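Here is a short report to read alongside the sequence and the 3D view. Keep both open as you go.

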Amino acid sequence: MAGEQILVVEDNEKNMKLFRDVLQATGYRTLEASTGGQALMLATEHGPALVLMDIRLPDMDGVEALSRLRMDERTAFIPVLAVTAQAMKGDSERFKEAGFDGYVSKPVDIDELLTTVEQHCGGRGG
Amino acid sequence: MEPPARPHHRLIWKYTVVVVTLVAAAIVSVGVIESYFSYQDSTRAVTGVAADKASSAAVSIDQFIQEILGDLESVAQPTVDPGGPERLQSFRGLLGRQKLVSQLTYLDSSGKECVRAYSFEINQVDSRTCGSDRSTSQEFIRARAEQQYFGSVAFDERDGRAHMTIAVTEDAPGEGVIVADVDLRSVREAIDRARIGTAGYAYAVDAQGELIAHPDINLVLAHTSFAALPHVRAALTGAAAAPADVVTTGRDPDGREVLSAFHSVEPPGWWVFVEEPLTEAFAPIESAIWRTVLLLVVFLILAVVTSVLLARNLVRPIESIQAAAAKIGSGALDQRIEVSSRDELGALADEFNRMAARLHTFYAGLEQQVQERTRELATALAELDEKTRELEAASHHKSEFLANMSHELRTPLNAINGFSQVLRRQLFGEINEKQAEYLDDILGSARHLLSLIDDVLDLSKVEAGQIDLQVAAFSLPGALERGVVIVRERATKGGVRVSLSSDPGVDTVMGDERRIRQVIFNLLSNAVKFTPAGGTVDIAAAQLDGEVRVSVSDTGPGIAPDDQGRIFDEFQQAAAGKEQREGTGLGLALSKRLVELHGGRIWVDSELGKGSTFVFTLPAQPA
């Protein structure tokens, strides 16, 4: 909990602002990426404790970004949560199958979000 | 099913047998009748000839006898001197005149021979006038007694010539007897003339049956008697006196069968027989019969050949009609019959051909129609396919659009909801009561908007057939309980009592549990929503007619009959729903689709002011 760094991948400015403000207000440090490419770069560079990954990104799909993170040994063990507006029934299972460690649907419930983040911050499987 | 094949007999043999039988019967009967009558005629002719011959021979012998008798009468005139020159003179005249009398003798009334004249020594006269006594001779006694006397026939030893003694009495008053020796060559000639055919012959016998004349002179010389032959005896004894028996059959001395005709010569009591071997007599008749038989056979063969040909001509068109019919029957509709005869069979063939042609045309038309229809059907199917693809594409686009829209709506909704929550939780400073109330309103509206988005998405998925039911066994009472738990908080807040009752028989059912729970929740939340404080909501499950029936009853305002049909349509709400300005108007439509996907039904029983009961069923599960 003590100032762990979370990489937020989100292309919508308002939502980015919401996640950043909430996480910082809770005591986390944040890294911000608005594209998949940026996210990969930042994750490699900083090795964040957790990644909140939007699925629809301008340059690539969140699922693809995840698989690239998994392929790089430096980022392979960073837990990644899917945060998506693709909230149809059955989607959460689909994302877990794809390799995400958790799933939060938009619109997010702040309490649920913070609970989930706290659960996964200690490392993968934590 | 084809009828069992009957054994077929060939028509041609039937016709042939019938025609041959008829023709043969006609020919044979005509032949037999003809032969019979011709036999009769021929027999009559043959026997007629024989009888005529016999009769004419008898007549000529009779004439000869009468002539001789007449001659003797002419010299039997009494003379002054019975044995005088006057008598001699008349004897000489007769002997000169009649060559067949070779000797004349005059016996006077006492039987003494007075005059004797010989023809071979013309005019020689034995002058032993009234010399030897012949008063005891047969010729004297019999002639004196019967006026006439015919002696037995005698034969010259040297040349075999037959001669006999004939005596007549002198006309009164002398009553002498004139005795003549008569040459019988005329008899022989008459007999010779009377022979018939080539093997036929005639003969004459005297009253005792002894031969007088016969072609075989040896028989005559031997004094053969035919009296032993039955037909001769019959004639002699008069047993065959009846005219019909004048012609008869008998056997000659050699035992051959002969046709025999006879006639008497009276006097001197002789019989003339004309005979012919039956083999010869009836030879023409037999040959006529054989001719008839031969003709019969020839005509019979002709009849058989003709009737076979006739029958073939008769049967061949029938056979070709039959063959063509069989071919048409087996599908060769262009088959035609070739029958050229201009009769009923030809007419039948023409009619048959017409029928086959019409059948062909009709069939061809039918095939064409079927082909056309098939083409039309194929076209329609292709069009349908195209439409289906278009519809699928449209449906796909619609789903994609809805998914996109859902995503696009959720993104700003995330910000609205998130920031409101942040403010409401006072993460960045205190807010007053009014501000908190407004934030709650914003959050409520956001939730409403979200459920609206979810329902639209679900409904469109159901309509596009994109929902796959995850069918498994689940506990229906459990699902009901969870529904009740979810709405209880709101019900308690609104002063509505919620109760659950489930039949003991209701337990596990097959279905998509999440979707059924969605339906239960939908019905329950509607009921709670529309039931005023102090009211009740009952949810019950029961087994009925093999289906599970879940009913949700409330004590709400009820639904007008007009609205009851509409509320299951999209975006249709009853009056109460509109007033509340809450709910998406999609819940019942979605519930209906989900229940129907499970093979069940959903409906409402309601009366304005008396509450509503929503019922859905799930079909019976296989045990």
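## Overview of chain B

This is a predicted model. Chain B has 15 helices and 18 strands. Of its 623 residues, 40% count as buried.

The accessible surface of chain B comes to about 34700 Å². Carbon and sulfur atoms hold 57% of that surface. Contacts between residues 24 or more positions apart make up 59% of the chain B contacts with a separation of 6 or more.

The largest nonpolar core has 67 residues. Those with the most contacts inside it are Ile61(B), Leu72(B), Leu104(B), Ile178(B), Leu184(B), Val187(B) and Trp270(B). Helix α1 of chain B, residues 11-74, gives the largest share of this core, with eleven residues. A second, separate core has 41 residues. Ile467(B), Ile516(B), Leu586(B) and Val595(B) are among them.

What does Ile178(B) touch, leaving aside its neighbours within four places in sequence? Its contacts include Leu72(B), Val75(B) and Ala76(B). Phe91(B), Leu104(B) and Tyr106(B) are also in contact with Ile178(B).

## Helix α10 of chain B

Helix α10 covers residues 433-463 of chain B. Its 31 residues should span 45 Å at 1.5 Å a residue, and the end C-alpha atoms are 45 Å apart, so the two values agree. At the start of α10(B), a side-chain oxygen of Asn432(B) comes to within 3.2 Å of the backbone nitrogen of Lys434(B). After the helix comes Gly465(B), with a positive phi near 70°.

Which residues of α10(B) are buried? They include Ala436(B), Leu439(B), Leu443(B), Ala446(B), Leu450(B) and Ile453(B). Further along, Asp455(B), Leu457(B), Asp458(B), Leu459(B), Ser460(B) and Val462(B) are buried as well. An α-helix has 3.6 residues a turn, so residues three or four places apart point the same way. The buried residues of α10(B) pack against α9 (344-424), α12 and α15 (587-597) of chain B.

## Gln518(B) in helix α12

Gln518(B) lies in helix α12 of chain B, residues 513-530. Is Gln518(B) buried or exposed? Its relative accessible area is 19%, so Gln518(B) counts as buried, the limit being under 20%.

Not counting residues up to four places away in sequence, Gln518(B) touches Asp458(B), Leu590(B) and Leu594(B). Asp458(B) is one of the buried residues of α10(B).

## Backbone details

Most residues other than glycine have a negative phi, and most peptide bonds are trans. Some places in this model depart from that pattern.

Gln426(B) is not a glycine, yet its phi is positive, about 55°. Gln426(B) sits in the loop between α9 and α10 of chain B. With a relative accessible area of 32%, Gln426(B) is partly exposed. Asp545(B) is not a glycine either, and its phi is positive at about 50°. The loop between β15 (536-544) and β16 (547-554) of chain B holds Asp545(B). Asp545(B) is exposed, with a relative accessible area of 74%.

In chain A, a cis peptide bond joins Lys106(A) and Pro107(A). Omega there is about -5°. Pro107(A) lies in the loop between β5 (102-105) and α5 (110-120) of chain A.

Methods
Residues are numbered from 1 along each chain as its sequence is written. Chains are lettered from A and ligands numbered from 1 in the order in which they are written. This is a predicted model: local features need pLDDT of at least 70, side-chain atom pairs count only at pLDDT 80 or more; totals for chains, interfaces and linings use all residues. Side-chain values use heavy atoms; hydrogens and water are left out. Helices (H or I, at least four residues) and strands (E, at least two) are DSSP runs, numbered from the N terminus. Buried means under 20% relative accessible area, exposed over 50%, partly exposed in between (1.4 Å probe, protein chains only). Contact means heavy atoms within 4.5 Å. The expected span of a helix is 1.5 Å times one less than its number of residues. A polar contact is a pair of N or O atoms within 3.5 Å; within protein, one must be able to donate a hydrogen and the other to accept it, and residues adjacent in sequence count only if both atoms are side-chain atoms. Accessible areas come from the Shrake-Rupley method with a 1.4 Å probe; for residues, only the protein chains shown count as cover. A nonpolar core is a set of buried Ala, Val, Leu, Ile, Met, Phe, Trp, Tyr and Cys residues joined through side-chain atoms within 4.5 Å.
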